[in-house]
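Please open the structure in your viewer and keep the selection tool at hand.

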Amino acid sequence: MRKNLSAIALSLVLLMLCTSVAAGPVDVRVSRRQLSATEIEVVFTAAIAPGWHIYAPDCPPGGPNPATLTTEKAVGAKAVGGLKASGNARSLFDPVFGMQVKYFEGQAVFTQRYRITSPAYAVKGYLEYSACDERSCMPPTTVDFELKPDQQQAAASAPSPTASTKKENGKTKDTTLSNPPSLGEGLGVGIPSTFLMGFLGGLVALLTPCVWPVIPMTVSFFLRRSKDKRGRAIRDAATYGAAIIVIYMALALLFTALFGPEKLNAMATNAPLNIVFTLLLVVFAMSLMGWFELSLPSSWANKVDSKATATGGVLSIFLMAFTLAIVSFSCTCPIVGLLLVDFATSGQWIAPVVGMFGFALALALPFTLFALFPSWLKKAPKSGAWMNQLKVTLAFIELAFACKFFSVADLAYGWQLMSRDAFLAIWITLFGALGLYLMGLFNFQSDGDEPKARPVLSIMGGMVSLAFAIYMVPGLWGAPCKAVSAFAPPMTTQQFSLTRHQQVTARYTSYDEARAAAAAQGKPLLIDFTGYGCVNCRKMEASVWTDDEVASLLTDDYVLVSLYVDDRKKLDKPITVTGSDGKTTTLRTVGDRWSHLQQTRFGQLTQPLYVAISPDGQLLAKPMGFTESAQGFADWLRKGLKAYRTSTANNQQP
């Protein structure tokens, strides 16, 4: 009865919204905007229910399903650029997918521009998106549109809630505007962590042998230069610090300007660039370990230094700061390079600027603070072997990050060179070697003739590094190692596992084949409605399916079939179906077919959804969604199994 009421309510909603496209928790309205005599734009305004979100078009591959636009027909018109998105955007690091993802809450506006090349143009296509909440995801939903001459709006559309109209030559012209994101929306929640990461990188650079010894000399120079005028010394030191910030901010702005916001967003999804980043980090690491030195020509520093001596005022201080940037290049370049690579692949165009501000601020603060409190210089740590040990530690970390970037490219290309266990083996080696180094068991050439004995702090750091390496060892045999799940390749790439039921994978991905197999084996069928971009599906597989009891039931007592509702493999021929409300829908992909099956057969559209049925299609238990309880999921599986056996026994009675 409840299902019937839900179907009736859904039909009424669809009838009331005859000029819009409703898809569960998201209401998408399509409009058309005439930009000029030769350009038009189709606008999709999505009203998103509280608690739900839509992933942005620039989400990296291997992650959640992004919003995409497909142009099926374009006669007399040509698409200009890609799908643009604005609205209430958020960005965060998703530990399940191991990447930075961007999504929209509340409202999102997607726009696609077309250039008109013929007066008799015709454009047809569809927007595809997935809506998710904290527990489940809807299957990909399509919104059709069609553009023709003299149309004021796209087919099956209605004015955007933010649309306005005006009269021009007696005609009404749609002037719907895409809502540009506010500064806070554009920055997203990942920006504070970006600043913090940059600031920590600046602190590390500050403690390198190229920078730390310069601080007392520079501050003493300002104090001697001003003699008894301490206020001037503080002003000069503050100006010096501000100049450092300006220099590194200029570097970040130049980096952003060269690549542009769109290219920076694309870096996270570009496999060749990830290979380049991998090689760069390896080169930086080798330099930090002392194999060779990355440095700018010494003549550059000499010329800038002589210019600073010959000039006065603010310009001379700025040139002194520029000299520091050149002289410290060999130490700061690997750190700046690592930060810029990480910021660029965050998917946020403002990230390099914010991150470099944090880096420069950490680098500049000591010059002003020591000028304010000169007595602190006497208490500051003296230069020594610890600085080189810090450089070598950073080299190990850069090698670890190089593995991460190579893993992204490996997954994108499907090379299968960096499996999860291979990744963990490299990290165990790196952090184990780092621990032994910090404890003084071996030295690098850059350490010179320094004794192997290390201070207590270094030994403690070495013990932590060794403990981290030991923690990852069980991962070689399939242990979850959740602390590194954000960096390591997914569990599905694991090549070796000692645990019998550690990884459960469906043997079938076709509903018809799975039903035939269930009938032949005399077992119930468990349908796993899932998706490649479903976060909670991966959580279930990693934390619930790995339970011994659950794995045994899935493997021994059920025929398991996984139906991916976001499988974009094209059907041999599009299928047109008519719903109970009389509305026709075109199924273009394999995922569309499974979504339609889930909705029409079981009345739900969320993932994950688990359905236990008999081979003849009889429902054995109420479908179950996401749960973090392995015991609860096992109880549900046993309930379905008991119902199947009871039904089978009754059918066999004479």
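Two residues are in contact when heavy atoms of theirs lie within 4.5 Å. The model is predicted, so local features need pLDDT of at least 70 and side-chain atom pairs count only at pLDDT 80 or more, while totals for chains, interfaces and linings use all residues. Residues are numbered from 1 along each chain as its sequence is written, and side-chain values use heavy atoms, with hydrogens and water left out.

First, select Thr278, which is placed in helix α6 (residues 271–288); helices are DSSP runs of H or I with at least four residues, numbered from the N terminus. Setting aside residues up to four places away in sequence, Thr278 touches Ala402, Phe405 and Phe406. Is Thr278 buried or exposed? Thr278 counts as buried, at 10% relative accessibility; buried means under 20% relative accessible area and exposed over 50% (1.4 Å probe, protein chains only).

Next, select Tyr240, Ile244, Tyr248, Phe359, Leu363 and Trp427, the residues with the most contacts inside the largest nonpolar core, which has 67 residues. Such a core is a set of buried Ala, Val, Leu, Ile, Met, Phe, Trp, Tyr and Cys residues joined through side-chain atoms within 4.5 Å. Helix α10 (residues 351–372) gives the largest share of this core, 10 residues.

Finally, select helix α14 (residues 456–472). Its buried residues are Ser458, Gly462, Ser465, Ala469 and Met472. Seen down the axis of α14, they line one face, because they fall within an arc of 85°, taken from the directions from the helix axis to the C-beta atoms. The face turned away from this buried side carries the exposed residues Val456, Leu457, Val464 and Ile470.

Terms used
Helix = DSSP H or I, 4+ residues; strand = E, 2+ residues; numbered from the N terminus. Expected span 1.5 Å × (residues − 1).
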